[in-house]
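Here is a short report on one protein chain. Look over the sequence and the model first, then read on.

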Amino acid sequence: MLDTILDILREVNPFEEIEADTELIESGILDSLSIVYVMNELQAQFAIEIPEEYLQAENFCSASEIMEIIEKCNG
């Protein structure tokens with residue numbers, strides 16, 4: 001699961017070294033538009049629906065945080 005998330009994040013910004021704990025928001029890797037793209041890709045890849053209440057920047061701070069969202073949506 002984490003590898004798929006990292007692949008999606010690397011599609012957004014292929015010039016950054018992104019790992020599970022890389023800070024995505026503060027470092028500028030993700031902005032509001034790219035968060036929407038990532039969310040759509042996650043929903044497609046994992047066949048889930050991410051509720052609107054999870055669409056907050058703090059939920060997309062790192063790949064690990066994103067993985068927690070997916071686990072909650074699969075739960």
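## Ground rules

A contact means heavy atoms within 4.5 Å. By that rule, residues 24 or more positions apart account for 54% of the contacts in the chain with a separation of 6 or more.

This is a predicted model, where local features need pLDDT of at least 70, side-chain atom pairs count only at pLDDT 80 or more, and totals for chains, interfaces and linings use all residues. Residues are numbered from 1 along each chain as its sequence is written, and side-chain values use heavy atoms, with hydrogens and water left out.

## Overall build

The chain has three helices and zero strands. Both kinds of element are DSSP runs numbered from the N terminus: helices are H or I with at least four residues, strands are E with at least two. From the N terminus on, the order is α-α-α.

The C-alpha atoms fill a box of roughly 30 × 20 × 20 Å along the principal axes. The radius of gyration is taken over C-alpha atoms, and the globule rule is 2.2 Å times the number of residues to the power 0.38. For 75 residues, a compact globule would have a value near 11 Å; the chain has 11 Å, so the two agree.

The accessible surface comes to about 4,500 Å², and 46% of that belongs to carbon and sulfur atoms. Such areas come from the Shrake-Rupley method with a 1.4 Å probe; for residues, only the protein chains shown count as cover.

## The core

Buried means under 20% relative accessible area, exposed over 50%, and partly exposed in between (1.4 Å probe, protein chains only). Buried residues make up 35% of the 75 residues in the chain. A nonpolar core is a set of buried Ala, Val, Leu, Ile, Met, Phe, Trp, Tyr and Cys residues joined through side-chain atoms within 4.5 Å.

The largest nonpolar core has 20 residues, and Ile-5, Leu-9, Val-38, Leu-42, Phe-60 and Ile-66 touch the most other members. α1 (2-12), α2 (32-46) and α3 (63-74) each supply at least two residues. α2 gives the most, with five.

Which residues does Leu-42 touch, not counting those up to four places away in sequence? They are Ile-5, Ile-8, Ala-47, Ile-48, Ile-50, Phe-60, Ile-66 and Ile-70.

## Helix α2

α2 has 15 residues and reaches 21 Å from its first C-alpha to its last, close to the 21 Å expected at 1.5 Å a residue. The expected span is 1.5 Å times one less than the number of residues.

In α2, the buried residues are Ser-34, Ile-35, Val-38, Met-39, Leu-42, Gln-43 and Phe-46. The buried residues of α2 pack against α1 and α3. An α-helix has 3.6 residues a turn, so residues three or four places apart point the same way.

## Three places to look

Start with Asp-3, in helix α1. Asp-3 is exposed, with a relative accessible area of 57%. Asp-3 and Ala-20 are 17 residues apart in sequence and 8.9 Å apart in space, C-alpha to C-alpha.

Next, find Asn-59 in the loop between α2 and α3. Is Asn-59 buried or exposed? Asn-59 is buried, at 17% relative accessible area. Leaving out residues up to four places away in sequence, Asn-59 touches Glu-53, Tyr-54, Glu-65, Ile-66 and Ile-69.

Last comes a salt bridge: a side-chain nitrogen of Lys or Arg within 4 Å of a carboxyl oxygen of Asp or Glu. The count is one. Glu-19 forms a salt bridge with Arg-10, the closest N and O atoms being 4.0 Å apart. Glu-19 is partly exposed at 36% relative accessibility, and Arg-10 is partly exposed at 31%.
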